[in-house]
Every structure is written in C-alpha cells, then in structure tokens.
Amino acid sequence: MAHTSDMLTIIIRSIIIYIVVLFLFRIMGKRQLGQMQPFELVLTLIIADLATIPMAEIGVPVLHGIIPLFTLVVLHFVLTFLCRVSTKFSMLVSGKPVIVINPKGIDYKALKKLNISIEDVFEAMRGLGYFSLDQVEYAIMETNGKLSILAKSNVSPVTNENLKIDVAPAVIPISIVSEGKVMKANLQEAQVSEDFILDFLHKKIGVKTKIKDVLVMTIDKNGLVYLQMMKGESQTFENVREVA
Amino acid sequence: MKIFSRITLFFIFGLLIFFCVIEDVVAGVALQALQNDCARVEQLSLEKDDIRDMELALAVDTLEYNWTVNESNLCYLVNHKNIQEVGVEISKLKVYQSENDVKEFRASLEAVKFYAHSYRHFMGANLHNVI
C-alpha cells in the first residue's frame with residue numbers, strides 16, 4: 001500500500017510540475033521554442049533539470065521545485081527587459097551577430113572566435129540551399145546560432161519586382177473546417193458563417209454532406225476554397241462567395 | 001510585453017516573496033515551539049529523580065504532539081529528510097523514559113535541542129547557506 005501511495009504521489013506531483021512548467025513556457029513566449037538566445041538556452045536546460053527533482057524525490061516539497069522555476073522566470077523577464085532597453089547589455093548576454101563570410105571570402109579569425117569550423121559553416125549553408133561558397137556574398141552567424149546568408153546577385157532568386165510583373169497581393173487561406181470541426185475562431189476572420197459552409201457543401205458536394213465529413217476546408221480573401229473530404233481527393237473552387 | 005505577462009510576472013514575484021515569508025514564519029514558530037517544549041522537558045527531568053513520572057510523560061507527549069503538527073506544516077516548505085531526525089529522537093526519548101534510562105534520555109533531549117538550534121541557522125538565508 002505504501003508503494004501505491006508513493007506512486008500516486010509521484011503521478012500527482014508530475015502533473016503539478018508539468019502544468020507549472022507548461023504555464024511558465026507559455027508566459028515566457030513562443031521565442032523559447034525556436035530561436036533561443038544563450039541565456040534562454042541555459043534557462044531551458046535548468047528548468048528541465050529542476051522540474052524532475054520534486055517529481056521523483058517525495059521528501060522534497062513540490063514548492064522546492066516550483067520556487068526556483070518561478071525565480072528563473074522572473075530572472076528571465078528581467079534579463080529580457082534589460083536586453084531590450086540596453087544594446088550593450090544585450091551584446092554582453094547574447095553576443096552580437098558575426099560576419100563569417102564577406103565578399104573577400106571566409107573570415108577565419110571570426111570562425112576561430114566563434115569556435116566553429118569551416119565544415120560547420122558549409123553544413124549551415126547547405127541547409128539554406130547554398131552548396132558553393134561562390135554563391136554567398138555575406139554569411140552572418142546570428143546570436144541564436146543560426147546562419148543567415150545574403151546570396152550574390154547573380155544567384156539570388158528572381159522576384160516579380162525584378163521581372164517588373166504586377167501581381168495581386170498575396171492572401172492567406174484561413175482554415176474554417178479541420179478534421180470535421182468548424183474552426184469558429186476563424187469564421188469572423190474569413191468572413192463566413194457556419195450556414196455558408198453547410199450551404200456550400202450541399203451545393204458542391206451533395207445535399208447529405210455534413211461538416212463532420214470534411215477533412216480540411218480553407219478559404220482566402222479572394223474566395224478561393226480548398227476542400228478535402230475525409231474520403232476523396234482535394235478540390236479547389238474559385239469565387240465561392242459569389243456562388244454561395 | 002503583454003499586460004497579461006506583466007501581471008503574471010508581478011504575481012509570481014509576489015508569490016516568491018510570500019513563500020519566503022511564510023517559510024520563515026512557519027519554521028520560526030515550529031522551532032521556537034520545539035525549543036520551548038524541550039526546555040520544559042529538561043526542567044522537569046532535572047527536578048525528578050525518576051524520569052518515569054506522569055508530569056514528565058505528559059511533557060514528552062506534548063513535545064511529540066507539537067512537533068508532529070509542526071513537522072507536517074514544515075513538510076510543505078522544507079525537505080523532509082532534513083527534519084526527520086527530530087521525530088526519531090523524540091521517539092527515543094519516550095523509550096528511554098519508560099526504561100528510566102536517564103543518561104540516554106538526556107542525550108536524546110540534547111540531540112533534539114541541538115537539531116532545533118542548528119535548523120534555525122540551516123533554514124535561514126545566510127552566506128553559508130547561499131554559498
């Protein structure tokens with residue numbers, strides 16, 4: 001019985017810690033997940049380690065896990081605030097972007113300072129679609145460890161502006177049905193109603209069609225609908241606002 | 001920074017201060033009560049030739065009861081491993097008292113007093129603890 005209650009305690013503690021850590025990551029912002037600065041990476045590592053202690057050690061109060069987590073979050077906000085108000089402080093904590101390739105070639109001194117090899121630069125370049133040094137005008141190692149590349153003008157992709165072509169402004173398709181459920185939060189943005197969706201489905205697919213039969217349905221500002229039913233291939237319909 | 005984050009940040013900061021104060025108060029009260037109960041037991045034990053005395057037994061029971069209550073409160077705030085020796089020594093006190101083993105009884109009482117005294121330093125935020 002003692003073991004059972006220990007297990008139950010661990011389960012409850014794990015749930016509490018999980019919720020707290022999730023909450024902390026949510027208030028720290030989405031940047032945590034993608035582009036981590038050095039201090040954010042340190043914070044994430046420490047949080048991961050701290051969170052496990054009260055989960056497994058029943059003698060340790062949950063508060064002993066939560067208090068350091070809260071302290072780190074406060075510290076994170078203070079650091080982020082200081083980084084925002086002071087460029088010097090930001091450079092001290094996060095470093096500054098370093099040009100590793102310039103028009104003269106690779107800056108080997110900069111690479112040595114960053115403690116990265118030429119192979120690491122090649123790897124990052126390949127990841128961005130550049131396989132030759134000849135294609136790169138500038139390469140900058142960002143503070144979050146990612147490489148940014150400015151390609152030479154002769155290999156940079158041709159844009160509509162280069163070709164002097166007038167194109168309609170880009171529009172974002174908005175998901176209005178996903179896996180049989182109406183995305184109610186997106187309906188206002190898409191300027192459609194649930195009745196519109198049903199009406200559209202009845203007209204285009206069949207009278208007996210229900211929303212739950214739709215795998216995905218998106219609509220953009222120009223009235224272009226992308227529709228795929230649970231069974232069947234995808235279809236697109238133009239100017240549906242007028243049709244409906 | 002969104003207003004929600006700002007409010008949450010202040011809330012968390014307030015929570016940290018709250019827990020620090022609560023820990024200090026609860027630990028202070030618990031250890032003071034332990035020291036007072038120990039002093040009472042010690043005084044009675046010095047007055048009696050035979051420690052198998054009803055008054056002394058009641059004082060030890062009070063010491064045990066008060067510590068059990070305070071220990072359960074402290075468990076929310078401090079590592080249980082750090083405070084469990086007090087309970088062990090109090091249990092020993094009761095055994096030595098029933099056996100009229102004065103020497104061991106006093107040794108256990110001294111141990112409890114020592115723990116109560118040392119925890120006061122152990123639990124505070126001083127330079128030794130921080131470093």
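You'll find A:Gln191 in the loop between helix H8 (184–190) and H9 of chain A. Most residues other than glycine have a negative phi.

Keep in mind that this is a predicted model. The predictor gives the complex an ipTM of 0.72 and a pTM of 0.67. For chain B, the mean pLDDT is 85, with 90% of the residues at 70 or more. Within chain B, confidence is highest in helix H2 (residues 54–74), with a mean of 91, and lowest in helix H5 (residues 127–130), with a mean of 68.

Chain B has its own example. B:Asn100 isn't a glycine, yet its phi is positive, about 55 degrees. Look for B:Asn100 in the loop between H3 and H4 of chain B. Is B:Asn100 buried or exposed? With 12 C-beta neighbours inside 10 Å, B:Asn100 counts as exposed.

**Getting to know chain A**

Chain A has 10 helices and 9 strands. Buried residues make up 15% of its 244 residues. Take the contacts in chain A between residues at least 6 apart in sequence: 45% of them join residues at least 24 apart.

Now for the strands. Four strands of chain A form an open sheet in the order S2-S1-S3-S4, with antiparallel pairing. Strand S2 (105–106) and strand S4 (147–151) of chain A stand at the edges, each with a single partner strand, so one side of each has no neighbour in the sheet. Strand S3 (residues 136–141) of chain A pairs with S4(A) over 5 bridges, in the antiparallel sense. To spot this pairing, find A:Tyr138, which stands opposite A:Leu150 in S4(A).

Helix H9 (residues 194–204) of chain A is worth a look as well. Its buried residues are A:Ile197, A:Phe200 and A:Leu201. Seen down the axis of H9(A), these buried residues fall within an arc of 95 degrees, so they line one face of the helix. An α-helix has 3.6 residues a turn, so residues three or four places apart point the same way.

A:Ile15 sits in helix H1 (residues 2–28) of chain A and is exposed, with 11 other C-beta atoms within 10 Å. A:Lys212 lies in the loop between H9 and strand S7 (214–219) of chain A, and it counts as exposed with 11 C-beta neighbours inside 10 Å. Here are their partners:| Pair | Separation in sequence | C-alpha to C-alpha distance |
|---|---|---|
| A:Ile15 and A:Met55 | 40 residues | 8.9 Å |
| A:Lys212 and A:Val182 | 30 residues | 8.6 Å |

**Getting to know chain B**

Chain B comes to 5 helices and 0 strands. From the N terminus on, its elements run α-α-α-α-α. Buried residues make up 25% of the 131 residues in chain B. Among contacts in chain B between residues at least 6 apart in sequence, 65% join residues at least 24 apart.

**The nonpolar cores**

In soluble globular proteins, nonpolar side chains tend to be buried together. Which members of the largest nonpolar core touch the most other members? Of the 26 residues in that core, the answer is B:Leu34, B:Cys38, B:Val41, B:Leu63, B:Val86, B:Val112 and B:Ala116. The elements giving two or more residues to this core are helix H1 (3–47), H2, helix H3 (80–98) and helix H4 (102–123) of chain B. Zoom in on B:Ala116: leaving aside neighbours within four places in sequence, it is in contact with B:Leu31, B:Leu34, B:Gln35 and B:Cys38. There is also a second, separate core of 12 residues, which includes A:Val177, A:Ala190, A:Leu201 and A:Met217.

**Where the chains meet**

The contact between the chains takes 15 residues from chain B and 12 residues from chain A. On the side of chain B that touches chain A, the elements giving two or more residues are H1 and H3 of chain B. H1(B) gives the most to that side, with 8 residues. Sorted by class, the side of chain B that touches chain A has 10 nonpolar, 4 polar and 1 charged residues.

Notes:
Residues are numbered from 1 along each chain as its sequence is written. Chains are lettered from A and ligands numbered from 1 in the order in which they are written. This is a predicted model: local features need pLDDT of at least 70, side-chain atom pairs count only at pLDDT 80 or more; totals for chains, interfaces and linings use all residues. pLDDT is the predictor's confidence in each residue, from 0 to 100. A residue is buried if 20 or more other C-beta atoms lie within 10 Å of its own, exposed if 12 or fewer, and partly exposed in between; C-beta atoms are placed from the backbone. The arc is that of the directions from the helix axis to the C-beta atoms. A nonpolar core is a set of buried Ala, Val, Leu, Ile, Met, Phe, Trp, Tyr and Cys residues joined through C-beta atoms within 7 Å. Two residues are in contact if their C-beta atoms, placed from the backbone, lie within 7 Å. Ala, Val, Leu, Ile, Met, Phe, Trp, Tyr, Cys and Pro count as nonpolar, Asp, Glu, Lys and Arg as charged, and the others, Gly among them, as polar. Two strands pair if DSSP finds at least two bridges between them.
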